[in-house]
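The sequence and the model are shown first.

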Amino acid sequence: MPTAFRAAMALIALCAAAGLAYAQSLPKEVATRAEIYPIPSLTLSDQQFLSGDAAAGKPVTVAGEFRVAQGTGKLPVVVLMHGSSGVGATTEAWVHAFNAMGISTFVIDGFTGRGLTVVGPNQALLGRLNLIIDIYRSLEILAKHPRVDPDRIVLMGFSRGGQATLYASLDRFNKLWNKSGIQFAAYVPFYPDCSTTYVGDSEVAARPIRIFHGTPDDYNPVKSCKAFVERLKAAGRDVVLTEYPDSAHGFDSGLLGVSTVAVSANAQTVRNCRIKEGDGGVLMNGETNAPFTYKDSCVELNPHVGGNPKTAAEARKAVEEFLQVLFKLG
């Protein structure tokens, strides 16, 4: 064997060993690789979304960060959808938790590509259902990725993103907008807004839905979610609502040690609105029977947000245990 060849093989073996040692030395919550993806999407009104009018939508490119967890082969993934303030620090806490379990993560940023930072003080800046388009388009990317198990992708979202997560489960919306050829394995909304009734909204994917909410939430009150859950259960759907006391909107920021509750200044809440889908996909104010707008008298300001470390930890444990079983993790 030529000396040069032996030297080359020794160098390759040394590099492989070094790479293995490096991988073994990484903390469990650190991903082995991060990839940034442009997501071709649409910006469209709720009426356009509900009527399936893609041609009327404005093309836009949003982004997603895919972190490949430690492990080999095709891995499970949790897709995370942010709320009205965009991707925040709490998202990172969830990413680390899932990556530590050997679950990859895909964090969608539905705001920056649209020139948005926050929409809390003006929710009319983006259609209530628009983030669902971004979610389905992300699923198209993941369905083709060589390191993703397409049968083990879960959707999780928070507040406005929790609303998108919950309603992305609707059969009707999947048929209209999900062109990926696959479905999410489960839906995990945190403190979503459930105040809107859509046509056929009890017909959801035959996959588990696990909702996490706080009892004193005055941004998206749990009461309307309880009513929706009862309708889903009556339709024979696999849905569970876990409710935590002393847990304001955004209580999982307790994962970062946040333990205070404060007013979200000038943020709009539809906590006292009853919205329903009318003819032609128009969202109607259930009290006035006129098209709903964020200028309606039922829209209020200054709800509370804050963390609860104890219930945040309980919720994280519950989600981890749910995924452990769902993904059949060793």
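## The disulfide of Cys194 and Cys225

Cys194 and Cys225 are both buried. In this predicted model, the two residues form a disulfide in which the sulfur atoms lie 2.0 Å apart, and with 80° about the S-S bond the link is right-handed. The pair joins distant parts of the chain, since Cys194 sits in the loop between strand S6 (186-190) and strand S7 (196-197), while Cys225 belongs to helix H7 (residues 222-234), 31 residues apart.

## The disulfide of Cys273 and Cys298

The structure holds 2 disulfides, and Cys273 with Cys298 makes up one of them, with the sulfur atoms 2.0 Å apart. The torsion about the S-S bond of Cys273 and Cys298 is about 95°, and the disulfide is therefore right-handed. Here too distant parts of the chain are linked: Cys273 lies in the loop between strand S11 (268-269) and strand S12 (275-277), and Cys298 in the loop between strand S13 (283-285) and strand S14 (300-301), 25 residues apart.

Because buried means under 20% relative accessible area, Cys273 counts as buried at 8%, and Cys298 likewise counts as buried at 11%. When the bonded cysteines of the protein chain are numbered in sequence order, the pairing reads 1-2, 3-4.

## The packing of H3 and H8

Two packed helices are described by the angle between their axes and by the distance between those axes. For helix H3 (residues 89-100) and helix H8 (residues 309-326), the axes come within 11 Å and cross at roughly 35°, and the crossing is right-handed. On the H3 side the contact is made by Trp94, Ala97 and Phe98, and on the H8 side by Ala315, Arg316, Val319, Glu320 and Leu323.

## Helix H4

How far apart should the ends of helix H4 (residues 130-143) be, at 1.5 Å a residue? The 14 residues of H4 should span 20 Å, and the end C-alpha atoms are 21 Å apart, which agrees with that expectation.

Helix H4 is also mostly covered, with 11 of its 14 residues buried. The buried residues of H4 include the run Asn130, Leu131, Ile132, Ile133, Asp134, Ile135 and Tyr136, together with Ser138, Leu139, Ile141 and Leu142.

Terms used: Residues are numbered from 1 along each chain as its sequence is written. This is a predicted model: local features need pLDDT of at least 70, side-chain atom pairs count only at pLDDT 80 or more; totals for chains, interfaces and linings use all residues. Side-chain values use heavy atoms; hydrogens and water are left out. Helices (H or I, at least four residues) and strands (E, at least two) are DSSP runs, numbered from the N terminus. The expected span of a helix is 1.5 Å times one less than its number of residues. Buried means under 20% relative accessible area, exposed over 50%, partly exposed in between (1.4 Å probe, protein chains only). Axes are lines fitted to C-alpha atoms, for helices over the stretch in contact, and angles run from 0 to 180 degrees between N-to-C directions. A crossing is left-handed if the near helix is turned anticlockwise from the far one by less than a right angle, and right-handed if clockwise. Contact means heavy atoms within 4.5 Å. A disulfide is a pair of cysteine sulfur atoms within 2.5 Å.
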